[in-house]
Amino acid sequence: MAFYIEQLQHVFPGLQATLQNATNASTMANDTATGLIENIAGQALPPELSSLLSLLFSMTSLRDWLKLIVIGGFFESCRRLFSWVYTKIMESFYMHATFDGDDPSYEWMMVWLSKQPAWAKTRDVEISTETYGANNTAVIVGDDEDESGLSQFDSTTSRSISYVPSPSKTYSLWYKRRYMTITRTREKEGRYNQVDNILHVNILTRDHRVLLQLLKEARKTYIAAQDNKLSIYTADSYNDWRRVTSRPKRSLSSIVLDPGIKDLLLEDARDFLASKQWYNERGIPFRRGYLLYGAPGSGKTSVIHSIAGELELDIYIISLSRIGLDDSSLNTLVSNLPERCLALMEDIDAAFTNGLSRDLDEPDLDEAAVSKLKGEEEDLQNGRDSNGKDSNGNGNGNGNTPTTGSRVTLSGLLNALDGIGAQEGRILFATTNNYSSLDPALCRPGRMDLHIEFKLASKYQAKWLFRQFYHPAGVFDQSLMNDDEKEETQKEEEDSEGLQVKREKETGSSDSGYSSSSESSSPTTTSSPVLSSPSFPVSSSPQSASFSPSQTSRALAEKYSVKQIKSLSNDFAKAIPERQLSMASLQGYLMTYKTRPGDAVKNVAKWVQKEKEAALLRQKKKAGRGKKGSVKSSSGGGEEKEETNTKEG
Ligand SMILES: Nc1ncnc2c1ncn2[C@@H]1O[C@H](COP(=O)(O)OP(=O)(O)OP(=O)(O)O)[C@@H](O)[C@H]1O
């Protein structure tokens, strides 16, 4: 204790001295301040103000604040100077490139980055179950197989989990021995604060060729990642094109049409794309339009999908019935199409006929078109006819008139298709089930140059669909056939054409399955033979055929040789009535016998019979409704008359 007291006595004088010094300093400062104030006051300040100032300066905390402001100001200036010097250095030694999320180049860069090892090793990540497009710019986690053989997907969403480096973080990597930093940011912009992704790339070089090389490489990587896929774009509510998905290309050989149609379409489109100069020299607008019309479920959308894949064109879906679409936004959309692309307008008649052929509860055509192009299994199982359309594409006939939210007028569409703003180099495909309702102005060459009719399935198509479906290699690839097989196939094709020519002579009408614009008559003068044909509706009802999930098991697949499949296909075709069922319904039927071609042939006659009966029933119902409707409209809404008519019916 005595020791501590002694120590305190030692320290105390020291403390006393320090305090004395501080007080002296403070008094000196006070004196200085007072002197300063007196000086100023002596010059101009009124006595009240000078006394206030002297009071303020006598407060030590204020002096400390002043010191802090001076020191803080100094450091802030240093920081700004450093940042200015840094920016100058960056500007003079680095190249800075910005990639906007809306631009395809952003996608190229993201795909390229996803292939860089540094991207996968990053430790600051954003986890998501998003697929980030089919190009997969994300690192996919956990699709290893567990013991049960199932992928370890997120059980609630059935999606795989993936990650991408977090936004607003800077990542560095080396590119061609150059240091490079990458920052992905998310910025809100526009009136509605829509989020925009931006990629900032800094490369330590002054050589523009490095950036160019990087871009080329990124584009190549993107194309390689796209291998066998095509991108599908739709317009968002701001009329900007957005890539909604990419789908695997569909091989053209998987679509069975009457001989010549696929070649005609593909060759024509190929020829068009290669003849830009020819068009320019003659002053003809470099655009080509195809109108595919006819029975629902006959392969119109599928063939467009395949052609886009063959020509390596992305598909841009223009939905004329989109809510909020008007003439000017349609014009903007069409003029914003890229130079080489395939624009698709599905059900072109629906926009002007208020859904003449569509069900009330049908989803937005935009969505419908995308999902159709996805080629979903569900779609395959039910056949296209599950959407409720009959073979004439006339919907459910319930008399209700669906309203579309679109405000596009015919003249607006005509202008968009070949007005001044219309994009050069684009290929337009339009489809309709109701050819006769189209305005001749819409169908004239220049807008729709080639009109191709898709009919209900012929025996030839039924046979080849069967072969494709059950061929052990998946697709009956004609290029892999030996000479004998090729000869046989050619004979079959000729027979098919011969049959058509014969029928043409008999009936005086062409049944070639397609007609070009030069052959086709105006839609107002002739109704499509298919649409007016009394064929029965083509509803595929998988339930109607005997079906149990276990029967479709691959494990139970019967083994058939190509020869057997061929012979079965002939029997199958014999049982299918000519031009009465859609290809989609045939496909739907075959789906119920996925691995049992023998049973498919055995039961086909029964199925056809059932389909006929169901179709007759539907036709009767429809006729009854038609009668009722016509009396209703002519009676001016008289309830009494309607009741009488129903009774009569
Ligand atoms: N000619 C065909 N060859 C092979 N499959 C076909 C053919 N026609 C239709 N399909 C099958 O039927 C389904 C529906 O076809 P798709 O959507 O192309 O018909 P669509 O004519 O466009 O019908 P819609 O007029 O109703 O739009 C697809 O799954 C497709 O595989």
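At what angle do H4 and helix H6 (residues 208–225) pack, and how far apart are their axes? The points below take up that question and a few others; please keep in mind that this is a predicted model.

1. **Overview.** The protein chain has 649 residues, and 41% of them count as buried. Its secondary structure comprises 21 helices and 14 strands. Among the contacts in the chain with a separation of 6 or more, 76% are between residues 24 or more positions apart.

2. **H4 against H6.** To return to the opening question, the two helices pack at an angle of about 80°, and their axes lie 8 Å apart. Angles of 65 to 115 degrees count as roughly perpendicular, so H4 and H6 are described as roughly perpendicular to each other. From H4, the contact draws on Glu107, Trp108, Met109, Val111 and Trp112. H6 contributes Leu214, Leu215, Glu217, Ala218, Arg219, Thr221, Tyr222 and Ala225. Sorted by class, the residues of this contact are nine nonpolar, one polar and three charged.

3. **The open sheet.** Next, have a look at the sheet built from four strands in the order S1-S7-S6-S5, which is open and paired in the antiparallel sense. Strand S1 (95–100) and strand S5 (170–175) are at its edges; each has a single partner strand, so one side of each is left without a neighbour in the sheet. On average, and ignoring direction, neighbouring strands here are turned by 25° against each other. S5 and strand S6 (residues 178–189) run antiparallel and are joined by six bridges. In this part of the sheet, Tyr171 stands opposite Ile182 in S6.

4. Is strand S10 (residues 288–294) mostly buried or exposed? S10 is mostly covered, with seven of its seven residues buried. In general, side chains of a regular strand alternate between the two faces of the sheet. In S10, Arg288, Tyr290, Leu292 and Gly294 point one way, while Gly289, Leu291 and Tyr293 point the other way, and all are buried.

5. **Partners of S10.** Which strands pair with S10? One is strand S13 (residues 427–432), in the parallel sense over six bridges; there, Leu291 stands opposite Ala430. Another is strand S14 (residues 450–454), also in the parallel sense, over five bridges. Within S14, Ile452 is the bridge partner of Leu292.

6. **H15 and H19.** Finally, consider helix H15 (residues 459–470) and helix H19 (residues 583–591), whose axes come within 11 Å and cross at roughly 40°. That angle makes H15 oblique to H19. The crossing in which H15 passes H19 is right-handed. On the H15 side, the meeting residues are Gln461, Ala462, Leu465, Phe466, Phe469 and Tyr470. Facing them from H19 are Met583, Leu586, Gln587, Leu590 and Met591. The residues of this contact divide into nine nonpolar and two polar, with no charged ones.

Terms used. Residues are numbered from 1 along each chain as its sequence is written. This is a predicted model: local features need pLDDT of at least 70, side-chain atom pairs count only at pLDDT 80 or more; totals for chains, interfaces and linings use all residues. Side-chain values use heavy atoms; hydrogens and water are left out. Two strands pair if DSSP finds at least two bridges between them. Axes are lines fitted to C-alpha atoms, for helices over the stretch in contact, and angles run from 0 to 180 degrees between N-to-C directions. Angles under 35 degrees count as roughly parallel, over 145 as roughly antiparallel, 65 to 115 as roughly perpendicular and the rest as oblique. A crossing is left-handed if the near helix is turned anticlockwise from the far one by less than a right angle, and right-handed if clockwise. Contact means heavy atoms within 4.5 Å. Ala, Val, Leu, Ile, Met, Phe, Trp, Tyr, Cys and Pro count as nonpolar, Asp, Glu, Lys and Arg as charged, and the others, Gly among them, as polar. Buried means under 20% relative accessible area, exposed over 50%, partly exposed in between (1.4 Å probe, protein chains only).
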